[in-house]
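Here are my notes on the model you sent. They are set out as numbered points, to be read with the structure open.

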Amino acid sequence: MNIRSLTRGDGVVIVAAVLLLIASFLDIYSIEGAPDSAEIPSLWGSGPIVLGVVLAGVIGAALVVVARTLPQPRKVAGLDLGQFGVAFTVFAAWCALGNVFDPAGAFDNDGGGEGIGAGTGLILALVATVVMAAAAIATPLMPALKGALLPAPRPAQPQPYGGQPQGGYGYPGAQQQPYGGQPGPGQPGQPGQPGPGAPYPGAGQPQPQQAQQAQPQPTQAQPQPQPAGDFAPFWFAVPVPRPLFAEDGSPTPIAELAPGTWYLAVEQRGPGLVAQTQDGRRGVLQDTSGIQRG
């Protein structure tokens, strides 16, 4: 489970679930003319409200959040776990609405419902379940809610996947000048360094082999862009959860890339990238918009 794959909409669902739990301990009724010392039960005093509103709402929110953090979608009876969660939140909101209009419930047939209205807990539960259901439904549809709840961390000096030394795999600093400012063999032309073919200070006479290596390389202050066909692997992170499809073109995702995790791009495949997850799986990332390069 990766909590960094949670979206802003999931954050709204979590807050609404907490609000629903708080409302469950408040008054279920408001009785006209009742003294302040009157003992009015909370939502936990009514079995139908506990099952249809409180537990249904909390379970629905938990299913929505858990489904988002799983690397692959889980299905129950052919439906995704998240879809079950959305259904639970809608059911909870519907039950809360019915109880607000009829808070007296079983007292109506006995004529004991006169002067009884919805209490603070019942009204707050309605607000919480409506917000919860709306956020669960609108999260896949609204870009503002699809954004990552937690920003993707960017390490100061990320270590390449598989223990490769820094400077490979397209990492930042791959073309940087070595520590101390002295270029290695075959790397002349850095700013402030001797030009091609020029002897180093205090080195006496330059060796012919070093001079031949230095001749064909031009002096440059910035690294030249690589040709289009010369792909260099690099690390990247996605801004929102993105599906990873099989390399054979199958439409079924094999994994889901989560924000906050670094993945290795090993090949360019048209407009997409062939990415490798940390457990060794490879697939095609078709949507590369907004990715963050390491």
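**Notes on the predicted model**

1. Start with S24. Apart from neighbours within four places in sequence, S24 is in contact with S42, L43, W44 and V54. The model is a predicted one, and these contacts should be read as part of that prediction.

2. S24 sits in the loop that runs between α1 (8–23) and β1 (29–31). Is S24 buried or exposed? S24 has a relative accessible area of 0% and is therefore buried, the cut-off for that label being under 20%.

3. F25 is found in the loop between α1 and β1 as well. With a relative accessible area of 60%, F25 is exposed, whereas S24 is buried. The cut-off for calling a residue exposed is over 50%.

4. Which residues form the nonpolar patch on the surface? They are F25, W44, L51, L55, I59 and F88, and together they have about 600 Å² of accessible area. Helix α2 (residues 47–69) gives the most to this patch, contributing three residues. W44, one of the patch residues, is also among the contacts of S24.

5. Helix α4 covers residues 120–138, which is 19 residues. From its first C-alpha to its last, α4 reaches 27 Å, close to the 27 Å expected at 1.5 Å a residue.

6. The buried residues of α4 are G121, L122, A125, L126, A128, T129, M132, A133, A135, A136 and A138. What covers them? The cover includes the helices α1, α2, α3 (81–101) and α5 (143–146), together with strand β4 (116–118).

7. Strands β9 (residues 272–276) and β10 (residues 282–285) pair in the antiparallel sense, over four bridges. Within this pair, Q276 stands opposite R282 in β10. The two strands form a hairpin with five residues between them. In the turn, G280 has a positive phi of about 95 degrees.

8. For the chain overall, the secondary structure comes to six helices and 11 strands. Of the 294 residues in the protein chain, 33% are buried. Among contacts with a separation of 6 or more, 64% are between residues 24 or more positions apart. The accessible surface of the protein chain comes to about 16,800 Å², and 59% of that belongs to carbon and sulfur atoms.

Terms used
Residues numbered from 1 in each chain as written. Predicted model: local features only at pLDDT ≥ 70, side-chain atom pairs only at ≥ 80, totals over all residues. Heavy atoms only, no water. Buried < 20%, exposed > 50% of the residue type's maximum accessible area, 1.4 Å probe, protein only. Contact = heavy atoms within 4.5 Å. Areas by Shrake-Rupley, 256 points an atom, 1.4 Å probe, with all protein chains shown as cover. Pairing = 2+ DSSP bridges. Patch = residues over 30% accessible without salt bridge, like charges linked within 9 Å, V, L, I, M, F, W, Y side chains within 5 Å. Salt bridge = Lys/Arg side-chain N within 4 Å of Asp/Glu carboxyl O. Expected span 1.5 Å × (residues − 1).
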